[in-house]
Amino acid sequence: MLSKYFKPAIIKKIAAGAGTPVYIYSKAAFLKQIRSYKKAFRAADPLFCYAMKANSSAGLCALAAAEGFGADVVSGGELYRALRAGFPPGRIIFSGVGKTPEEMAYALKTGILFINAESFEEVLALERVAARLKVRAAFSLRINPDVDPHTHKFISTGKLGGKFGVSFEEAQKIYMCAAESRHLNPVGAHFHIGSQVHSAGPYALAAGRLAAFILKLASRGVNLKYADVGGGWGVKEGAEMADLAPLARAVAGVFQGTGLKLILEPGRSIAAPAGILVTRVLYRKRGGHKNFIVVDAAMNDLVRPALYGAKHPVALIGPAGGPEGVYDIVGPVCESGDFLAEAVRLREPAPGQLIAIYSAGAYGFSMSSQYNSRPRAAEALITGPAAWRLIRRRETYQDLISSEI
Ligand code: LLP
């Protein structure tokens, strides 16, 4: 159970000190996830590049960097954050379907490991930027392996017909062409089939296709160094991460003995179980046949329930509550889609009571916004049995307008 990392006493202390809504992370839980990856993949000794999009807060990223993880970034902004958090440039890779020439130049000047390109035109743009900077750009291609990861359609990325990657045929053309260029250095091949993938089968299929392709490429004189199998290992909301052994068997086995360095880009499975969102009950009301609990967090703080229908478990913190009932937990934002949980069975909370929303460490704060001019939440890190510190202060009204001119 995740609650062992989030004891009521410390949650109450943090809520009193930092206010609500507040994201609370557990250093112990975050490190446990990282170390499980290291243990499961010990024999393969891969480079782990933490997918910063899951949670790019410096207080957490610095922990990953100190554990020897690199970073997978998808924008100039994430690259900036990664460097500030202490990830060495040589362990940073830059993915994403539409990098601008400015972002490419930033990455090349910083000396990151490589750029994951996603189209012929993007590779040509990279060549132009590299020529202007008089460097040779190390790059990898994101290949779409045409594998169905069986997940939500918004986070399924490895089937042909999606916007991601290039086909194997297209990839071959791009590599052959790049091998002739003075400013391009093809070093890797990459896939990322999706997020919330709960079985190793799709990885085994995609890894097998990638390995065969890399071998074929070598026979044509293009020798790659890195095989990057992306992230996406699923975590059921409210649970700890599924056993990594099947994933390790599925991908590490395929590349064993090939001389290729394996890269993984886990995001959610590291951060999700390590964070909760804590909110305070404002009011209770009935609407037709439904019971609502109105809380001070909203879809701008955690959009996953509204956007993907994600079901994050919720629990009352503190008093046991009144009689049991079925409730929708909703926020103050002016939209019917603004709910954090629907039809959950709970003891009736009183106004002022705290509610914890679990598995919110990934794609929680990082997808939050100021919608309805709501300042973004604070973030706190539990560092010991009774110790915590603020890793991000709550935004102020001044923050809401500070970039307006
Ligand atoms: N690498 C690449 C190239 C990616 O696009 C992603 C996620 C990852 C790694 C990390 O995947 P993870 O291990 O976190 O599943 N906002 C959605 C998830 C979007 C994932 C996008 N790409 C959600 O809240 O469920």
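Me: Two strands count as paired if DSSP finds at least two bridges between them. So what makes β6 and β7 a pair in this predicted model?

Reply: Strand β6 (residues 137–142) and β7 share six bridges, and the cut-off is at least two, so they pair. The sense is parallel. One of the bridges puts S140 with its partner G188 in β7.

Me: How do you know that β7 and β8 pair?

Reply: Here there are three bridges, again in the parallel sense, between β7 and strand β8 (residues 226–228). With at least two needed, that makes them a pair. H190 stands opposite D228 in β8.

Me: Why is strand β7 (residues 184–190) described as mostly covered?

Reply: Six of its seven residues are buried, which means under 20% relative accessible area for each of those.

Me: Which residues touch the most other members of the largest nonpolar core?

Reply: F30, Y37, Y50, F87, L141, Y175 and I329 do, in a core of 124 residues. Helix α8 gives the most to this core, eight residues. Domain 1 (27–271) and domain 2 (273–393) each supply at least three.

Me: What is L141 in contact with, leaving aside neighbours within four places in sequence?

Reply: Its contacts include V166, I174 and Y175, along with G188, A189 and H190. Apart from this core lies another, of nine residues, including L47, I93, V187 and Y226.

Terms used:
Residues numbered from 1 in each chain as written. Predicted model: local features only at pLDDT ≥ 70, side-chain atom pairs only at ≥ 80, totals over all residues. Heavy atoms only, no water. Buried < 20%, exposed > 50% of the residue type's maximum accessible area, 1.4 Å probe, protein only. Helix = DSSP H or I, 4+ residues; strand = E, 2+ residues; numbered from the N terminus. Core = buried A, V, L, I, M, F, W, Y, C linked by side-chain atoms within 4.5 Å. Domains from an automatic or database assignment. Contact = heavy atoms within 4.5 Å.
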